[in-house]
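Please keep the sequence and the coordinates at hand while reading.

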Amino acid sequence: MQMVTQSDFWLRPTMSSMNIEVLYIDGCAQYESFASHLEHLLREHGIDSHPSHVLVRTGEEAERLRFLGSPTLRVNGIDVDPTAAQRTDYGIQCRLYPTD
């Protein structure tokens with residue numbers, strides 16, 4: 001059995017159904033470039049899926065959605081950050097991802 005890591009599972013074009021969500025806050029400086037980069041990655045890997053974009057407006061909404069910051073990327077309801085499941089710092093805030 002081949003292991004699929006959390007960091008690469010969403011880029012597999014063989015998955016039959018992917019629900020991709022980008023959650024963000026109004027005025028997020030990273031949102032547009034993040035969304036553009038995501039669209040590019042999906043095209044580059046031949047994935048015919050169009051992310052839904054969810055605007056998070058209030059702290060209550062952030063709590064209900066388990067929103068860790070803007071932008072947040074989820075595939076089939078799972079945050080792509082492997083540490084997200086253990087976190088509880090939900091709120092209207094920016095979120096940075098490490099890049100190499």
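A residue is called buried under 20% relative accessible area, exposed over 50%, and partly exposed in between, with a 1.4 Å probe and protein chains only. This is a predicted model, in which local features need pLDDT of at least 70, side-chain atom pairs count only at pLDDT 80 or more, and totals for chains, interfaces and linings use all residues. Residues are numbered from 1 along each chain as its sequence is written, and side-chain values use heavy atoms, without hydrogens and water.

Cysteine 28, at a relative accessible area of 10%, is buried, whereas cysteine 94, at 53%, is exposed. A disulfide requires two cysteine sulfur atoms within 2.5 Å, and the count is zero. For cysteine 28 the nearest cysteine sulfur is that of cysteine 94, 5.2 Å away.

Helices (H or I, at least four residues) and strands (E, at least two) are DSSP runs, numbered from the N terminus; two strands pair if DSSP finds at least two bridges between them. Strands β1 and β3 run antiparallel, joined by four bridges, one of which links glutamate 21 to arginine 74. Strand β3 is also antiparallel to β4 (residues 78-79), through two bridges, and valine 75 stands opposite isoleucine 78. In β3, Thr72 and Arg74 point one way, Leu73 and Val75 the other, and all are buried.

A nonpolar core joins buried Ala, Val, Leu, Ile, Met, Phe, Trp, Tyr and Cys residues through side-chain atoms within 4.5 Å. The largest has 18 residues, and Tyr31 and Leu73 are among those touching the most other members. Two or more residues come from each of β1 (20-24), α1 (31-44) and β3 (72-75).
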